[in-house]
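Subject: Structure handover

Hi,

Here is the structure you asked to look at. Notes on pockets, surface and charged pairs follow below.

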Amino acid sequence: MVNKKLKSIRKKLDNLDNRFLSLIKKRTMLVNQVLSTKKLKKQIVDKRRIKEILANIKSKSKKKKIDVKITNEIWKSMIRAYIKYEFRNFKK
């Protein structure tokens, strides 16, 4: 049986996950706006922009004392997912 403290922490995590989902929805809407400006599929992957994003996240993570490896992995995964999303939805 799960103890009360663990159950309470898990409830907080579930609430936080719900907030993440709302942010992902907002981010997807912005990605759709960016995608609508792209004329060619080759514009989907912008290596310079990806490097810039990852560098910014690394810097902000250090300032906020967040494990840089965690945020780097999360953002790389998110970027990959959105690149796949853009390819699936290009000129639809």
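Which residues form a nonpolar patch on the surface? They are Ile9, Leu13, Leu16, Phe20, Leu21, Leu23 and Ile24, with about 650 Å² of accessible area together. Areas come from the Shrake-Rupley method with a 1.4 Å probe, and for residues only the protein chains shown count as cover. Patch members have over 30% relative accessible area and no salt bridge; nonpolar side chains (Val, Leu, Ile, Met, Phe, Trp, Tyr) are joined within 5 Å, like charges within 9 Å.

Ground rules before you go on. This is a predicted model, where local features need pLDDT of at least 70, side-chain atom pairs count only at pLDDT 80 or more, and totals for chains, interfaces and linings use all residues. Residues are numbered from 1 along each chain as its sequence is written, and side-chain values use heavy atoms, with hydrogens and water left out.

Ile9 lies in helix α1. Helices are DSSP runs (H or I, at least four residues), numbered from the N terminus. Ile9 has a relative accessible area of 42%, so it is partly exposed. The classes: buried is under 20%, exposed is over 50%, partly exposed is in between (1.4 Å probe, protein chains only).

The largest pocket holds about 560 Å³ of space. Of its 17 lining residues, Phe20, Ile57, Ile74, Trp75 and Met78 are the closest to the centre. Elements that give two or more residues to this lining are α1 (4-37), α2 (47-63) and α3 (68-89). The largest share, 6 residues, comes from α2. By class, the lining has 10 nonpolar, 3 polar and 4 charged residues.

The second largest pocket holds about 370 Å³. It is lined by 16 residues, and the closest to its centre are Arg27, Lys38, Arg49, Ile53 and Glu86. Here too, α1, α2 and α3 are the elements that give two or more residues. α3 gives the most, with 5 residues. The lining divides into 10 nonpolar, 1 polar and 5 charged residues.

For your own grids: a pocket is an open set of points on a 1 Å grid over the protein atoms alone, where a 1.4 Å probe fits, with protein on both sides within 12 Å along at least five of seven lines; lining residues have an atom within 4 Å of a point. A volume is the space filled by probe spheres set on the points. Asp, Glu, Lys and Arg count as charged; Ala, Val, Leu, Ile, Met, Phe, Trp, Tyr, Cys and Pro as nonpolar; the others as polar.

Salt bridges

How many salt bridges does the structure hold? There are 2 (a side-chain nitrogen of Lys or Arg within 4 Å of a carboxyl oxygen of Asp or Glu).

One joins Lys38 and Glu86 at 2.9 Å, N to O. This pair links distant parts of the chain, 48 residues apart: Lys38 is in the loop between α1 and α2, Glu86 in helix α3. Both Lys38 and Glu86 are buried.

The side chains of Glu52 and Arg49 also meet, at 3.0 Å, N to O. Both residues lie in helix α2, 3 residues apart, about one turn of the helix. Glu52 counts as partly exposed because its relative accessibility is 41%. Arg49, at 43%, also counts as partly exposed.

One more site

Lys60 lies in helix α2. Its relative accessibility is 49%, so Lys60 counts as partly exposed. Lys60 and Thr71 are 11 residues apart in sequence and 9.7 Å apart in space, C-alpha to C-alpha.

Best wishes
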